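Thanks for asking me to look this model over.

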Amino acid sequence: MFKVTFWGGVKEVTGSKHLFETDNGKLLMDCGLFQGHRKEAFRKNRDLPFDPHSLDCIVLGHAHIDHSGNIPILVRKDFSGPIYTTIPTAELCKYMLMDSAYLQEKDVEFVNKKHRKKGLPLVEPLYTVGDAMESLGLFQPRAFDKQFPALDDLLVTFRVAGHVLGSALTVLEYASGDKRIKVGYMVDLGRKRLPLLKDPWQAEDIDYLIIESTYGGRAHAPIENSKQELMKTILKTYDRGCLLYTSDAADELDGVD
């Protein structure tokens, strides 16, 4: 048996969750946070369409919150299996998930302040900083281009996606008896010739391809325009009164309480 169920990121652009099932277990590809209106987002993120206890592992493509941000809620619901991802993604998630948890807690503080005034029941955050810290302990980083077994009958290889630091195109190879299936999970595919990032891997010999079409009908602006956009953002931030520290200024502040 080889079955795929799409539980998020279909007909919407956040909350990526895809369940792969074989005779030997269940693998969840990504566990993203649905981002939208508060009530809808809380319901979709809290009420998972699958049992976290039934999952054997998670495979995470990259650190963006719409792909990783709901991992702590699985841990809150007692998921304790391995989370496979690339080494840079594991490092980025140390900051991304902790920040997401902090925002969850602060958002609930704001909501509960209003609820107290209206005499309404108080709510709990989707997950806490403690849940995020616990989830980080489950990460098992893997190198690019080196195949590893996620399940007894399902092998995984991370290939360079060129989307953000550490982002991976994931190749899953299912083998059972004489049956062989190779699936490419190619969401958030990067562009060629981007600064700091390697060009995306060219997929070959794939039986089934899972792709994302969020920007399928758009043409990206030339990467050369990015420097001008960055400059505008920095100047706008400065004009709003935010402080900008150079390395020299940081040296002068070192040791000052």
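1. Let me begin with charge. The mean positions of the 33 positive and 37 negative charges of the protein lie 7 Å apart. Here Lys and Arg count as positive and Asp and Glu as negative, while His and the chain ends are not counted; each charge is placed at NZ of Lys, CZ of Arg, CG of Asp or CD of Glu.

2. A word on the basis of these comments. This is a predicted model, in which local features need pLDDT of at least 70 and side-chain atom pairs count only at pLDDT 80 or more, whereas totals for chains, interfaces and linings use all residues. Residues are numbered from 1 along each chain as its sequence is written, and side-chain values use heavy atoms, with hydrogens and water left out.

3. Now the overall picture. The protein has seven helices and eleven strands, taken as DSSP runs (helices H or I, at least four residues; strands E, at least two) and numbered from the N terminus. Its C-alpha atoms fill a box of roughly 65 × 55 × 40 Å along the principal axes. Of the 257 residues, 40% count as buried (under 20% relative accessible area; exposed is over 50%, partly exposed in between, with a 1.4 Å probe and protein chains only).

4. His18 stands opposite Met29 in β3.

5. Thr89 is found in α4 (residues 87-118). Is Thr89 buried or exposed? Thr89 is buried, with a relative accessible area of 0%. Beyond its neighbours within four places in sequence, Thr89 is in contact (heavy atoms within 4.5 Å) with Leu60, Gly61, His62, Ala63, Leu165, Gly166 and Ser167.

6. Glu124 sits in the loop between α4 and α5 (129-136) and is exposed, with a relative accessible area of 55%. Leaving aside neighbours within four places in sequence, Glu124 contacts Phe42, Arg76 and Val108.

7. There is also an open sheet of five strands, ordered β7-β8-β9-β10-β11, again with mixed pairing. Its edge strands, β7 (148-151) and β11 (208-211), each pair on one side only. Strands β8 (residues 154-160) and β9 (residues 168-176) pair in the antiparallel sense over seven bridges, and Leu154 has Tyr174 in β9 as its bridge partner. Antiparallel pairing over seven bridges also links β9 and β10, where Val171 stands opposite Gly184 in β10. In the hairpin of β9 and β10, with two residues between the strands, Gly177 takes a positive phi near 60 degrees. By contrast, β10 (residues 179-186) and β11 run parallel, joined by four bridges; Val183 has Tyr208 in β11 as its bridge partner.

Definitions and conventions
Two strands pair if DSSP finds at least two bridges between them.
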